[in-house]
Each structure stands twice: as structure tokens, then as C-alpha cells.
Amino acid sequence: MKKKTRSRSTTRRSPGKKNKKLQAEGFRMPATISLLVVLLFSVGLFYLWFCSHTEALARQISVEEDQLAELRRTVAGEEVRWNGLVGPRNLRAALKAHRLDMNWPQPEQVVHIRDMALWESNAGELNVVTRVDHHSGAY
């Protein structure tokens, strides 16, 4: 004879009913919506960072443009001052003040170097320089 096994009393639920034990408590959000929310939040944070970084670069550019304008004004002023110092009138006055007897060189005293690197490599030998004849008109 067969031994009768006791079966648990399991009640079968109907196919349309949900198991309340498996059901989560509270609000349930689909994964796609939560991923979309995280993505939108990330894009918003990136946009804010990008805007602040762009504004910081714009401020830095404007500061550096102001510095460049100031440096250009300084260079222009120094060029005017230098041109005033090396002008013929001021050179003559400086030579007179220092009691130096100097004149401008004569055309035959001017030496033109055709190739500076070649001249330096030959230790300044005169075979690579020419004297320009003031009658030929070649300067």
C-alpha cells in the first residue's frame, strides 16, 4: 500500500490576480523614466558648467585684451621716445656734450655683408663682403 503524502494546502490564484507579497510598497517608477531623469539632470549640470566656464574665459579674454592695449600704448610711447633719442639732432647734441668728433660714414667706408652666417663661419674674413661703390647706385 502506498503511503499517502500530505500535501500543503496551496490555493491557486486566478491568473488576473497579483501576489501581494511580491508587490513593492510605495511609488514604482519604470527604469526608462528614471534613466531619462538622470540623463536630463546630467545634461543640465553640464550646461551650467559649460556656461560658467565660457563666462570665465570671456572675462579672462577681456582682461588680457586690456593688458595688450596697455602694452601697445607703452610700446608706442617707448618708440616715440627712442626715435627722439636717436634722431640726428639729438645724436649731434650727445656727441657735442661728450666732446666726440664724429661724422657720418662716407659711402666707401660702409661694408655690406651678404650672408651673415657665412661671414661668421669664416671668422669674418673679407672675402665674403663687398664694398659698395657709391657711384654704382647699388645700396
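Is Arg99 buried or exposed? I looked it up: Arg99 is exposed, because its relative accessibility is 79%. Cut-offs for the call: buried is under 20% relative accessible area, exposed is over 50%, and partly exposed is in between (1.4 Å probe, protein chains only).

**Ground rules.** I am working with a predicted model, where local features need pLDDT of at least 70, side-chain atom pairs count only at pLDDT 80 or more, and totals for chains, interfaces and linings use all residues. I number residues from 1 along each chain as its sequence is written, and side-chain values use heavy atoms, with hydrogens and water left out.

**Layout.** I found 3 helices and 2 strands in the chain. Read from the N terminus, the order is α-α-β-α-β. Helices (H or I, at least four residues) and strands (E, at least two) are DSSP runs, numbered from the N terminus.

**Arg99 again.** I placed Arg99 in the loop between α2 (88–97) and β1 (111–113). Its phi is positive, about 55°, although Arg99 is not a glycine.

**Whole chain.** I checked burial next. Of 139 residues, 3% count as buried. The accessible surface is about 14200 Å², and carbon and sulfur atoms hold 60% of that. These areas come from the Shrake-Rupley method with a 1.4 Å probe; for residues, only the protein chains shown count as cover. I also looked at contacts, meaning heavy atoms within 4.5 Å. Among contacts with a separation of 6 or more, 16% join residues 24 or more positions apart.

**Salt bridges.** I searched the whole structure and got 2. The test is a side-chain nitrogen of Lys or Arg within 4 Å of a carboxyl oxygen of Asp or Glu.

- Arg73 pairs with Glu70, with the closest N and O atoms 2.8 Å apart. Both residues sit in helix α1 (residues 31–85), 3 residues apart, about one turn of the helix. Arg73 counts as exposed because its relative accessibility is 52%. Glu70 is at 42%, so it counts as partly exposed.
- Arg81 pairs with Glu78 at 3.4 Å, N to O. This pair also lies in helix α1, 3 residues apart, about one turn. Glu78 has a relative accessible area of 42%, so it is partly exposed.

**Largest pocket.** Which residues line the largest pocket? I listed Pro88, Leu91, Arg92, Leu95, Met102, Asn103 and Trp104. By class the lining has 5 nonpolar, 1 polar and 1 charged residues. Ala, Val, Leu, Ile, Met, Phe, Trp, Tyr, Cys and Pro count as nonpolar, Asp, Glu, Lys and Arg as charged, and the others, Gly among them, as polar. The space in the pocket is about 150 Å³. On a 1 Å grid over the protein atoms alone, a pocket is an open set of points with protein on both sides within 12 Å along at least five of seven lines, and lining residues have an atom within 4 Å of a point. Grid points are joined across faces, edges and corners, and the volume is the space filled by probe spheres set on the points.

**Met102.** Met102 lies in the loop between α2 and β1. It is exposed, because its relative accessible area is 52%. Met102 and Arg92 are 10 residues apart in sequence and 8.9 Å apart in space, C-alpha to C-alpha.

Terms used:
On a 1 Å grid over the protein atoms alone, a cavity is a set of points where a 1.4 Å probe fits but cannot get out, and a pocket is an open set with protein on both sides within 12 Å along at least five of seven lines; lining residues have an atom within 4 Å of a point.
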